[in-house]
Amino acid sequence: MKILLAIFSCHAYNYAATDMKDWFIRTPADRVQGLRASWLKDVKGDYKIFKGRPAVGPISLPDEVFLDCADDYHHSTEKLVALIHYALDHGYDYICKVDDDVYVYYDRLMANVPTTDYTGRSHGREFAPGFTYWLSRTSMESLVKSRVSCWAEDRWVGETLRRHQILCTDDDRYHLVMPTKKNQCISEFELFKPNDWLTVHALSPDQMRRLYEHDNHSPLSLP
């Protein structure tokens, strides 16, 4: 079985132009560097960091894919469809899609690869929030044949798959921190608590580094 860990990212975080600008008040730090300084070091299998078309100049690194699609927040579904085409074209049986502010307990995640077509933290909803979900080849093929009807990719995935009689399998080990307008990241109290999570959303780049260092019992490094 061929699995791709698909990290959903972008070239620039600009929520000011969206109707959710009052919620997204986090400093637009380089989240990918937080991943590279932490859990991404443990990834042994296939992964790629997916972004849309760059505005100017940057060249993709070996583990990055610049998709031929818009890169902004309101084109998330377009980006996801392009990502799925990439996965199908490269022969993947499953993708695990995670956002770039998600901490992945990689060994746990890969020890719990689902056998269902669509898995995430649905918690009674018809769709899994976009921070983490799994799609099988069956689900991916259903999605790329479907019309894009919603810019929010997680909602579109859930609603589209439901029309194909594919329901989300709920797993609460994909942990979602309840955000507020003042804080969308995990609290310092919860950050180091023992847990059985497979992934957790959301962490700042600094929290990523500190949690990784804590879990690996290594001395704190300079930022």
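Residues are numbered from 1 along each chain as its sequence is written, and side-chain values use heavy atoms, with hydrogens and water left out. Because the model is predicted, local features need a pLDDT of at least 70 and side-chain atom pairs count only at pLDDT 80 or more, whereas totals for chains, interfaces and linings use all residues.

**Overall composition**

- The chain holds 7 helices and 10 strands, where helices (H or I, at least four residues) and strands (E, at least two) are DSSP runs numbered from the N terminus.
- Of the 223 residues, 50% count as buried, a term that means under 20% relative accessible area, with exposed meaning over 50% and partly exposed lying in between (1.4 Å probe, protein chains only).
- Among contacts (heavy atoms within 4.5 Å) between residues at least 6 apart in sequence, 68% join residues at least 24 apart.
- The accessible surface of the chain, from the Shrake-Rupley method with a 1.4 Å probe, comes to about 11,200 Å², and 53% of this belongs to carbon and sulfur atoms.

- Strand 1 (residues 3-8) is largely enclosed by the rest of the structure, because 6 of its 6 residues are buried.
- In a regular strand the side chains alternate between the two faces of the sheet.
- Both faces of strand 1 are covered, with Ile3, Leu5 and Ile7 buried on one side and Leu4, Ala6 and Phe8 buried on the other.
- Strand 1 runs parallel to strand 4 (residues 94-99), to which 6 bridges join it, and isoleucine 7 stands opposite valine 98 of strand 4; two strands pair if DSSP finds at least two bridges between them.
- Strand 2 (residues 47-51) is also parallel to strand 1, through 4 bridges, and its tyrosine 47 is the bridge partner of leucine 5.

**The sheet 5-10-9**

- An open sheet of 3 strands has the order 5-10-9, with mixed pairing, and its edge strands, each pairing on one side only, are strand 5 (102-104) and strand 9 (174-176).
- Strand 9 and strand 10 (residues 199-201) run parallel and are joined by 3 bridges, with threonine 199 of strand 10 as the bridge partner of tyrosine 174.

**Helix 2**

- Helix 2 (residues 76-89) has 14 residues and reaches 20 Å from its first C-alpha to its last, close to the 20 Å expected at 1.5 Å a residue, the expected span being 1.5 Å times one less than the number of residues.
- This helix is mostly covered, since 11 of its 14 residues are buried, including Leu80, Val81, Leu83, Ile84 and Leu88 as well as Lys79.
- Just after helix 2, glycine 91 takes a positive phi of about 80°.

**Backbone exceptions in loops**

- A cis peptide bond with omega of about 5° joins histidine 201 and alanine 202, and alanine 202 lies in the loop between strand 10 and helix 7 (205-215).
- Histidine 123, in the loop between strand 6 (118-120) and strand 7 (132-136), has a positive phi near 50° although it is a residue other than glycine, and it counts as exposed at 53% relative accessibility.
- Glutamine 165, in the loop between helix 5 (153-163) and strand 8 (169-170), is not a glycine but has a positive phi of about 60°, and it is exposed with a relative accessible area of 68%.

**Confidence**

- The chain averages a pLDDT of 90, with 88% of the residues scoring at least 70; pLDDT is the predictor's confidence in each residue, from 0 to 100.
- Over residues 219-223 pLDDT stays under 50, and the model has 5 contacts beyond four places in sequence for them.
- Where pLDDT is low, the predicted coordinates should not be read in detail.
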